[in-house]
Amino acid sequence: MLIGLFALFFGTMLVAGILRFSGWQPSGQRNHGELLSPPVDLRAATPRLADGTPYAWKPTERTWRVVLAPAADCAPGCVALGRDIDKVWQLLGHDADKVHVLWIGTPPQGLPAMSELRVLQADPALRGALPGVDDPRGTPVYVIDPNGFVILRYAPGFDAAGLRQDLAKLLKLM
C-alpha cells in the first residue's frame, strides 16, 4: 500500500515535470499572436495624433492598443483589415472602451467610421521600432500593453478571432 501511494505521488510529479520541461502548455494558456520576447519598449516614444497633439501612453488608465502600421500602397487590403479590427473591437463588448486602435499614417479611403480609431502621424522611427513591420505578405498587427510595450505580433493574414480571444484574456487581467 505504501509503495502504491509513493508511486502515485511521485509518478504524477514526474509526469508534470516532463510536460513542463518539454514546453507543453494547456490550450487555454496559448496565445494566437506571436509573443515578442523581449517585448519592444516604446515608452520613450511620443507618438503624435494626426492633429499634432501628443498621444500619451497613460499606464494608469489601463488602455490596451491594437496598432497597424501599413505601407502607403495597401488600400484594398487595409480596408478589409480595418473592418476586421473594427469587428474585433465591437465584439469586446463592455471592455471595448479599454482598447484603442492606433493607425500609423493616413488611413485609406473606404475605411469604416471607427470611434475607437486614433490616427497617428507617420513616424518612421515609431514604425521602424515595430518588429517585422515591412512584411512582404501584408500588414501585421501589434498589441501594445498599457505601459507602452509591444507584446504581441499578428502576421499578415491572421485570423481576427484569435486577436479577439487574446484581447479578451488580456482585458481580464486588468
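This is a predicted model: local features need pLDDT of at least 70, side-chain atom pairs count only at pLDDT 80 or more; totals for chains, interfaces and linings use all residues.
Local features need pLDDT of at least 70 and side-chain atom pairs count only at pLDDT 80 or more, while totals for chains, interfaces and linings use all residues. Residues are numbered from 1 along each chain as its sequence is written, and side-chain values use heavy atoms, without hydrogens and water.

**Helix pair**

Helix H2 spans residues 75–91 and helix H4 residues 160–172. Helices are DSSP runs (H or I, at least four residues), numbered from the N terminus. The two axes come within 9 Å and cross at roughly 35°. Axes are lines fitted to C-alpha atoms over the stretch in contact, with angles from 0 to 180 degrees between N-to-C directions. The crossing of H2 and H4 is right-handed: the near helix is turned clockwise from the far one by less than a right angle. From H2, Asp84, Ile85, Val88 and Leu91 meet Ala160, Leu163, Arg164 and Leu167 of H4. Contact means heavy atoms within 4.5 Å.

**Salt bridges**

The structure holds seven salt bridges. Each needs a side-chain nitrogen of Lys or Arg within 4 Å of a carboxyl oxygen of Asp or Glu. The table gives some of them.

| Pair | N to O distance |
|---|---|
| Arg43 and Asp41 | 2.9 Å |
| Lys98 and Asp95 | 3.6 Å |
| Asp135 and Arg137 | 2.8 Å |

Arg43 is partly exposed at 48%, and Asp41 is partly exposed at 40%. Lys98 is partly exposed at 32%, whereas Asp95 is buried at 17%. Asp135 is buried at 14%; Arg137 is exposed at 60%. A network of salt bridges links Glu34, Asp135, Arg137 and Arg153.

Definitions and conventions
Helices (H or I, at least four residues) and strands (E, at least two) are DSSP runs, numbered from the N terminus. Buried means under 20% relative accessible area, exposed over 50%, partly exposed in between (1.4 Å probe, protein chains only).
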